[in-house]
Amino acid sequence: MNKKSFCAVPWTDLSVIPTGHYSMCCVQKQSEDKNKISMNLPVEQHWNSEYMRGIRKEISKGILPSACEGCFLNQSVDLEYRRERMNQRYLGDKDPSLDHPKVQELLKKTNTNGTYPMNIKGVEIGGDDTCQLRCITCSPSYSRSIIKDYERLGWPYERKNRLPTRKDESASLDTMFKNLKPLIKDLEYIKFVGGEPSISKPLLKFMDWCIEHKHADNLVVICNTNGAGKLEPFVEKLKLFKRALIGVSTDGIGELEEWMRYPTNWGRKEKNAKYILKELPDAFIHSVLCTINAHKLGDLLEWCTFNQYPFYIERLNWPEELSICSFPQEVKNSLCKYFDYLIEKYGSTSYTHPSRMLTSGNLSNFLQKTKTFVANSQNNDTNWKLCVDTITSYNKIRKTKLGNINQFYNFL
Ligand code: SF4
């Protein structure tokens, strides 16, 4: 990290990861934190732990902690990364120098041993694995329903998992939310990253508590919904919060969505998407580009443009084998040509970052950057073989073969 770099996250945010532990940051290298604190314990034990104090001391000196490596690797390949978004949110500057007045404010309140008051502004919660769907890009850490597929496929739980699954069965989200209550007066953002928020009993209970105790007015809720179930009760609660930045996760249209986000019913999904986008002013369609939908992106863009849905798209990084970088070189070349066609047709379509933290762009910008990213990515035969193996395996347990929906995969 150069002298100009800073990240506000260790001063402002708390993450809860699927293993049932607190974490410095949701995108940090988890192996760096050897003393993970269970989410059953008071937040203080994590917030000023030896690990957190060390991180703050390093960043205060302008040193990049090795735990932040992934974030900075993303920066080097021009991917959107968390450091920028969070700095923008809390400091009003995506890349402030150490002498930035707001950085100085944080540093002044930081003890020389790295301790910092518990003024936590944002919480990102990924400790729930309740979800009705078994999406191909997801893993058992975020949806335990996926285990049914894994058992049929004879796969180990770790396959496609970015993080290990919950080890400590006693760790409870209800207890974690109880631990958050004393911090509520400073809290401004609550982000729920999995499983499905509309059916997470601990989250819904916490939302009710916030509404009942008049904290909802000050809280922004950020989450994605799979749009699969009965959403009215959840949407009615969301309306009572300061803002609800809610994405309707949609990776394809019709049968492709049903295959990728099994067992979605496209008719119901479309109806639900329409309902959420009508009821919540900050709702949008959230898509993730991967090997399975890349050749059908035009259909999705057509659907969003036709319906005038606000739209956000990002590239999938994990599981690595489903990232578009896994395509063989000749496929990457043809994909770049397809992107040129999409730029011509949809390039001027605008998209807004869901967190409203970074400047909005247009699709041409995203597609151009993605083209450069794919063209410059290293070929990796192992990942491509693994991608093909994943699709072939899912073809065996789905009613339709992917090749019948996305002709690119006819060869399987
Ligand atoms: S630099 Fe990146 S990984 Fe490190 S705390 Fe900030 S956002 Fe997280």
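The model is predicted. Its domain assignment gives domain 1, residues 9-120, and domain 2, residues 124-411. Taken over C-alpha atoms, the centres of domain 1 and domain 2 are 25 Å apart.

**Ligand shell**

Which residues surround the ligand? The shell consists of C7, V9, P10, M24, C25, V27, Q28, C68, C71, R82, R83 and M86. By class, nine of the shell residues are nonpolar, one is polar and two are charged. Two elements give two or more residues to the shell: α1 (9-12) and α5 (82-91). Helix α5 gives the most, with three residues.

**Helix pair α14 and α15**

Helix α14 spans residues 329-346, and helix α15 spans residues 363-376. Their axes come within 9 Å. The crossing angle is roughly 170 degrees. Angles over 145 degrees count as roughly antiparallel, and α14 and α15 are therefore roughly antiparallel to each other. On the α14 side, the contact is made by K332, L335, C336, F339, L342, I343 and Y346. On the α15 side, the contact uses L363, S364, L367, Q368, T370, K371, V374 and A375. The residues of this contact divide into 10 nonpolar, three polar and two charged.

L183 sits in the loop between α8 (173-180) and β4 (189-192). Leaving out residues up to four places away in sequence, L183 touches V43, M118 and I120. Take I120: 63 residues separate it from L183 in sequence, yet the C-alpha to C-alpha distance between them is 7.0 Å. Is L183 buried or partly exposed? L183 is partly exposed, because 17 other C-beta atoms lie within 10 Å, and the buried class needs 20 or more.

D208 belongs to helix α9, residues 201-212. D208 also counts as partly exposed, because it has 13 C-beta neighbours inside 10 Å. D208 and F6 are 202 residues apart in sequence, and their C-alpha atoms are 36 Å apart in space.

**Backbone geometry**

| Site | Feature | Value |
|---|---|---|
| Y262 to P263 | cis peptide bond, omega | near -5 degrees |
| W318 to P319 | cis peptide bond, omega | about 0 degrees |
| K214 | positive phi | near 60 degrees |
| Q308 | positive phi | near 55 degrees |

Where do these sites lie? P263 is in the loop between α11 (255-260) and α12 (266-279). P319 is in the loop between β8 (311-315) and α14. K214 falls in the loop between α9 and β5 (220-225). Q308 falls in the loop between α13 (297-307) and β8.

The chain elements link some of these sites to the features above. Helix α9 holds D208, and the loop between α9 and β5 holds K214. Helix α14 packs its axis within 9 Å of that of α15, and the loop between β8 and α14 carries P319.

Methods. Residues numbered from 1 in each chain as written. Predicted model: local features only at pLDDT ≥ 70, side-chain atom pairs only at ≥ 80, totals over all residues. Axes fitted to C-alpha atoms, helices over the stretch in contact; angles between N-to-C directions. Helix = DSSP H or I, 4+ residues; strand = E, 2+ residues; numbered from the N terminus. Parallel < 35°, antiparallel > 145°, perpendicular 65-115°, else oblique. Contact = placed C-beta atoms within 7 Å. Nonpolar A, V, L, I, M, F, W, Y, C, P; charged D, E, K, R; others polar. Near = placed C-beta within 6 Å. Buried ≥ 20, exposed ≤ 12 C-beta atoms within 10 Å, placed from the backbone. Domains from an automatic or database assignment.
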